[in-house]
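This note is written for a colleague who is meeting the structure for the first time. Please read the points below with the model at hand.

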Amino acid sequence: MDDLTGFLKLALITATPIALGAYAGIMSERTGVVNIAIEGMMLTGAMVAQLAAMYLYQPLQGMFGDAAVLVSLLLGTIAGIGSGALLGGLHAVTSIRFKADQIISGTVINLLAWGVTGWVFQRWMTAGAPTAPGTFPRLPIPLLSQIPIVGDLFFNHQPLVYTMFLLTGILYYVLFFTPWGLHMRAVGEHPRAADTVGIKVNRVRYICTIVGGAIAGLAGVWLTLEQVGAFSLRMSAGRGFIALAAMIFGRWHPIGALGASLLFGLGTAIQIRAASLTATDSALALIPTQVYQAIPYLLTIVALAGLGGKATPPAASGQPYEGQKS
């Protein structure tokens, strides 16, 4: 039972950045802005968060003592979120203001992120770099974490796992139970009709694309400040694209995206567990490790191929708005 609980917990943890990336996609695509730049936003968020935490940690030790670890991690998180929002703003300006092809804009941002993070890594994050503060500690929720099986599975995690669940509820509530969510859906489905009733179409698109970028940056923060405590080249490893598949698989719905992310997290957990078992189990060792490593990406192909059923995006997705100035 402990092995099963540990396996499910691993699936839940590895689903966190995918779910956050999917929410970033929902934020922008629900308003009609296609965002394939989540991979680049995620990678940049991971790099900036780690860089900020590394270079702030030692100066903060003189001011906060032992608490400098937590303070530097929090400031690194803010920096990572800010970098994602900045790239979200860049995508919004090129897509909305200059009406550039949104796929090309997203591709350019991904390429830009790969180049810049590689340069920064070689320049400031290798030999001679300051000591990193590590990762966020686990925060068991009192009483709830003591519940057998369920307590360890859901209530004994680092902070961004809880944040992921919290954002699921917030995004669901905002999207379907608030006037702002109604504006988002109206802009994404029929921007002309939304404009005629006084909704500022482009303003809604700007705000949601930037907020989506911030959430993608938070997904990147998970990679460095919650998972490994260090940055490495291309460490997002396609999670941004998997997040897009989770968004589509989940029908652009927060809860659907969470379910799809958990499925992809399950695939990643199988990949990780299989890598350790092949060393001790001769039967499993007969299967090439590359087969296990391909599981999350095979699931992505299945999702994008529409084998989970037909997925219909918002009607105005990818279409710049040419109406009256807003």
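The numbered points that follow concern a predicted model.

1. Just after helix 9 comes Gly229, whose phi is positive, at about 75°.

2. One packing partner of helix 9 is helix 3, which comprises residues 68–97. The two helices pack at an angle of about 145°, and their axes lie 6 Å apart. Helix 3 passes helix 9 in a crossing that is right-handed. The residues of this contact divide into 12 nonpolar, 11 polar and 2 charged.

3. How many salt bridges does the count come to? The count comes to 1 salt bridge. In that salt bridge the side chains of Asp152 and Lys9 meet, at 3.0 Å from N to O. Asp152 belongs to helix 5 (residues 150–154) and Lys9 to helix 1 (residues 2–29), so the pair ties together parts that are 143 residues apart in sequence.

4. Asp152, with a relative accessible area of 29%, is partly exposed.

5. Ala52 is located in helix 2, which spans residues 38–64. The residue is buried, with a relative accessible area of 16%. Between Ala52 and Ile78 there are 9.2 Å in space, C-alpha to C-alpha, and the two are 26 residues apart in sequence.

6. Most residues other than glycine have a negative phi. Lys99 is not a glycine, yet it has a positive phi of about 55°. Lys99 is found in the loop between helix 3 and helix 4 (102–124), and it is partly exposed, with a relative accessible area of 33%.

7. Arg234 likewise has a positive phi of about 55° although it is not a glycine. Arg234 lies in the loop between helix 9 and helix 10 (239–249). Its relative accessible area is 51%, and Arg234 is therefore exposed, the limit for that class being over 50%.

Terms used: Residues are numbered from 1 along each chain as its sequence is written. This is a predicted model: local features need pLDDT of at least 70, side-chain atom pairs count only at pLDDT 80 or more; totals for chains, interfaces and linings use all residues. Side-chain values use heavy atoms; hydrogens and water are left out. Helices (H or I, at least four residues) and strands (E, at least two) are DSSP runs, numbered from the N terminus. Axes are lines fitted to C-alpha atoms, for helices over the stretch in contact, and angles run from 0 to 180 degrees between N-to-C directions. A crossing is left-handed if the near helix is turned anticlockwise from the far one by less than a right angle, and right-handed if clockwise. Ala, Val, Leu, Ile, Met, Phe, Trp, Tyr, Cys and Pro count as nonpolar, Asp, Glu, Lys and Arg as charged, and the others, Gly among them, as polar. A salt bridge is a side-chain nitrogen of Lys or Arg within 4 Å of a carboxyl oxygen of Asp or Glu. Buried means under 20% relative accessible area, exposed over 50%, partly exposed in between (1.4 Å probe, protein chains only).
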